[in-house]
Amino acid sequence: MEAAENTGWMMLRDGLAHGGYVAWEAASDPPPMPGHRRLVPVFARLKDPGFGDRDLAGVIAASLALPDVLYAQHERDLLEFEATWTGTGWPPHEVRLVAWCPRALLAAVPAFWQVLHVGRSVLMPAAPSPDASLAPRVRHRHRFVPGRPVVAVIDDGIGFLNARFRADAAHTRVSGLWMQAAERVGSDPADGVEDVLCGRMLTGGGIDAMLASGGSEAEIYGLLNRALVPRTDRSGTNHRVAHGTHVMDLAGGGDFADGDPMSGLPLLAVQVPSAAIRDSSGRRLEGYVAQGIRWILAQVLQSAQGDGRVPVVVINLSLGSLAGPGDETAFLADWMRHEIARHARMAGGAEVRIVAAYGNARRQRLVARTDFRRAAPLHLDWRLLPDDHTPSFLELRVGKGNHIGLRVGLVPPVGSGLPRIDLDWPMAGEGHRLNTPQGPVAAIVSGQEADHDLLHLTLAPSAGIGPAALAPSGLWRIEVVTLTAEPVRLTARVQRDDTPSGYRILGRQSWLDHPDGWDWDDETRDFTAPVLAGQEPGCPVTREGTAVAFAGADHPSLYFVGAARPCPGQPGGYRASRYSASGAVHLSRPDESAGPSLAARGDDGMILSGLRAAGVLSGSVARISGTSAAAPQVTRRLALYFLTTPPHLRTAAAERLALLGPTAAGPLSPVLGAGVLRSGVPA
């Protein structure tokens, strides 16, 4: 890449193979501090190198022996276990891995790797950590009972000591907890192999010892967080309310004193790092979630070895980001489908269900979609807010090959003094960057996906500390013109970069606007509804297609859940909560999510928002709103269904009946899906 001292728009051709996010991070990441190294997490598929003399076991061994490539210890275990499944030749099933490597290696990956995703870089000490609390984990057989499903939660701020997660006063139901944290390097004393240590893993026995220690819950959380979480980051369990504790209570909490059937079910949990939650773009989050799913299924499989009885696992995921292709090729969508298939293959057909929140971005003006023509070019206003300490991202997509004849312009705010750029839609792997003496201010990078041509636009933060380059806040105008006679369908998605509630506010959300204005919204009684496509004046900004990035993962083991609130005047007695994301219906693609699988209550009313569930400390109660609160109710219902329904009676129809009751099958609602979760419990 060109140096920043070359000011103005500069063409780029190097370092763009893995997309605009990776290219921007490579240009803007500061060099590592002394005694540290910067590595990127790589998610790859192993492929036949065509050498003829190396089978899958050999490729796994070669991957584990690569210089400067590190693995987590449980990842080594998984790969070594995969190697035992192979004989001679190349097996029909797919094997993937998660590794950390220097960014420079991305330009020369091994021939037997197909890189699927590159995550946000992490800074870690160059030398192995002497911290005993991050010692390699002890392999543990979990407390799983044949016939009882396992409820798992991936979230932030897991209050694992809460009485709602106990089998009795002295024993926890949390069989395993992975408290993910900033990566460090550890060295196995037996062989000296360096591994990545990402936080700490607790067993059920270790949690029982904490309960018996006599320390208060708050004191124990404080000690653990002090060892794992930097003081500059928020520790969810140091506060009265934590998202993950609330979600886990709705998904699997129970009162053991009242004979609650949930109090007999084991729990697994993954607590993602607070830094990943703070970065709402998902660049950090998605990698930790993928590893969390992989770890949960590995714990279940490992504990079942020898007796062949693998329990059903129901995983709740009330986290997500927005931008992406919107179909099953999105990284996390593809990765979840792979892990479900992998678990079924290695566990003799064992079942997994993943329940995910559909998203809360319906009214945030982050998506635009339109068919534009040569006589009516597309004009879209991207509004960058002041005091935004994080970069802003916008993704433009057209169908494969439709970029030919497109011309794109990016116009900085009036009075900024920055030059505009007008260019033919670049070929995949090409781009431009706007440099200033302080560093890059904006970038345009072209990419190629399975079904789309992508143009990735990035703006630097509008505020910051130190000499870093800043993008001027205000209206950045995007102009797209087609030189062909046929209309072109374009989708624009702004990536999330706002700061979640409870964290120090750094990111402020950019959004899309349009000069043709907005329509009257009967629900909120204001002019905030985008004009529907095809009406005059037309506004390409839409509330459709606002679901989480991986909602296009169409699989019978995946549920996406919207949020609803009671509304007696509506058919069925419910109405979609205002924020609950909408599927894409008009001007959509057949492979894009048309709506959630179903909805569940996310609010107790229009005025009384949210649902009551556990606070961090035992006996406390909190109220949280969103599809995050709706999804775990479906998780809970599925767990009860698997608990009460013998395996020979489990069918897709019976599962639907347990969730929705005897409702007639009809067209999916773009916000409520097939209907609202039935009240009561399965018979």
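Which ring does the charged end of Arg234 sit over? I looked this up before anything else. The ring is that of Tyr503, with the charged end of Arg234 5.4 Å from its centre. I counted a charge as over a ring if NZ of Lys or CZ of Arg is within 6 Å of the ring centre and within 35 degrees of the ring normal.

Notes on the model. I worked from a predicted model, in which local features need pLDDT of at least 70 and side-chain atom pairs count only at pLDDT 80 or more, while totals for chains, interfaces and linings use all residues. Residues are numbered from 1 along each chain as its sequence is written, and side-chain values use heavy atoms, with hydrogens and water left out.

Aromatic pairs. I took rings of Phe, Tyr and Trp (its six-membered ring) as paired if their centres lie within 6.5 Å; planes under 30 degrees apart are stacked, over 60 edge-to-face, and the rest tilted. The count is 10 aromatic pairs. Phe43 and Trp335 are edge-to-face, at 5.4 Å centre to centre and 85 degrees between the planes. I placed Phe43 in strand β2 (residues 36-46) and Trp335 in helix α9 (residues 331-346), 292 residues apart. Helices (H or I, at least four residues) and strands (E, at least two) are DSSP runs, numbered from the N terminus. Phe331 and Trp335 make a tilted pair, 5.8 Å centre to centre with 45 degrees between the planes. Both lie in helix α9, four residues apart, about one turn of the helix. I noted that ring pairs link Phe43, Phe331 and Trp335 into a cluster. Phe43 and Trp335 are both buried, and Phe331 is buried too. Buried means under 20% relative accessible area, exposed over 50%, partly exposed in between (1.4 Å probe, protein chains only).

Salt bridges. I required a side-chain nitrogen of Lys or Arg within 4 Å of a carboxyl oxygen of Asp or Glu, and the count came to 41. In the bridge of Asp334 with Arg96, the closest N and O atoms are 2.9 Å apart. Asp334 is in helix α9 and Arg96 in strand β3 (residues 96-102), so this pair ties together parts 238 residues apart in sequence. Asp334 counts as partly exposed because its relative accessibility is 25%; Arg96, at 5%, counts as buried.

I then looked at Asp381 and Arg477, whose closest N and O atoms are 2.4 Å apart in a salt bridge. Asp381 is in strand β15 (residues 378-384) and Arg477 in strand β22 (residues 474-482), 96 residues apart.
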